[in-house]
Amino acid sequence: MRPAFITIVVPMLLSGFAVTSGCGQATRHSAVTLFFEDVPPPGKESPSKAVVRQPRRPPPAQAAAPPPPPPVAETTKPLPEPEKPAVSRDWPQLLSQLPRDAAGGVDWVRALEDKRIEPKAGLDAAAPNQPVLPLDVELIPKNQPLFKAIFSHKAHTEWLGCANCHPGIFQMRRGADPITMAKIFAGEYCGRCHGKVAFAPATGCPRCHTALKGAP
Amino acid sequence: MLAVLVLAAIAAIAAPPRLAMLGDVVFPRHTGPGELPPAVFPHWVHRMQFKCYACHDALFQMKAGANPVTMDAIQAGKFCGICHNGKTAFAVGFTTCNRCHR
């Protein structure tokens, strides 16, 4: 009974004392040095360095480059330059930010005016723009002045050259071409572009017939 | 034949959703309909970067089907290949087939 009591209770008391003295400001140093090495006396810096964990593998940039593979065969031609990657932007994102016309389609004329897009004149970045002509032509159907259509050379020549329209599609004389709505819907005259690449005739009445603006 | 089938399968799996826009010109397959989807020319993405006269009529006539575009011509640097060569725009390669054929 007695030896068992001593072997259990005495070490418990001793370690209890050591642990509680480790909590006191003054007695901490002597108690802690009992268990750990390299404890600095109060007020001094630890001589040991903080352990900083490294990633298990060094990051790839710092990895030593593998030795170049031995040449397999002698080449007479120099290796081609690695091509620089083509610049790519998020075009759908840019598209979603462009101004819209009353019918909900992209208003390319305003997009260009506001410099939201800056299309180049040619493959060569230095290619000069073709001349812009500030000439509005009024196309007035017989007996239907309400349906006067205004053809703006300015809006068109920002995008197109004279040769895209003259003389292939239109003559250079007001009223020289027998344009009608039926022909436009059939893909002739203005319909060569409108409805295919430029805004559609079926939804764009007031853009051509400016007197219809505001009408449903 | 097998290669085209495999490519078509890849194209069908990997093709991301595309915008359908006014001005998309679909090239009819001049070799007849096959497993590969037809090539589409989207005007909108090009006209953000080029005026009409950059292409018309120097590179392309303004009429669907009027230009004898083939894959051989593109890879020889003609038509679409004038730009789609890895410098001005993405090149023709196994990862890009489905950007045009969709």
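How many residues of chain A are in contact with residues of chain B? I counted contact as heavy atoms within 4.5 Å and found 33 residues of chain A in contact with 26 residues of chain B.

**Basis.** I worked from a predicted model, in which local features need pLDDT of at least 70 and side-chain atom pairs count only at pLDDT 80 or more, while totals for chains, interfaces and linings use all residues. Residues are numbered from 1 along each chain as its sequence is written, chains are lettered from A in the order in which they are written, and side-chain values use heavy atoms, without hydrogens and water.

**Confidence.** I noted ipTM 0.80 and pTM 0.82 for the model. For chain B, the mean pLDDT (the predictor's confidence in each residue, from 0 to 100) is 84, and 81% of the residues reach 70 or more. Residues 1–17 of chain B lie below 50, and this stretch has 14 contacts in the model beyond near neighbours in sequence. Where pLDDT is low, the predicted coordinates should not be read in detail.

**Interface.** I looked up the buried area, the accessible area (1.4 Å probe) that two parts lose on being put together, summed over both. Chains A and B bury about 2,600 Å² between them, with 64% of it on carbon and sulfur atoms. A:Trp91, A:Leu123 and A:Trp159 supply 23% of the area that chain A buries against chain B, more than any other three residues.

I then checked for salt bridges (a side-chain nitrogen of Lys or Arg within 4 Å of a carboxyl oxygen of Asp or Glu); the count between chain A and chain B is 0.
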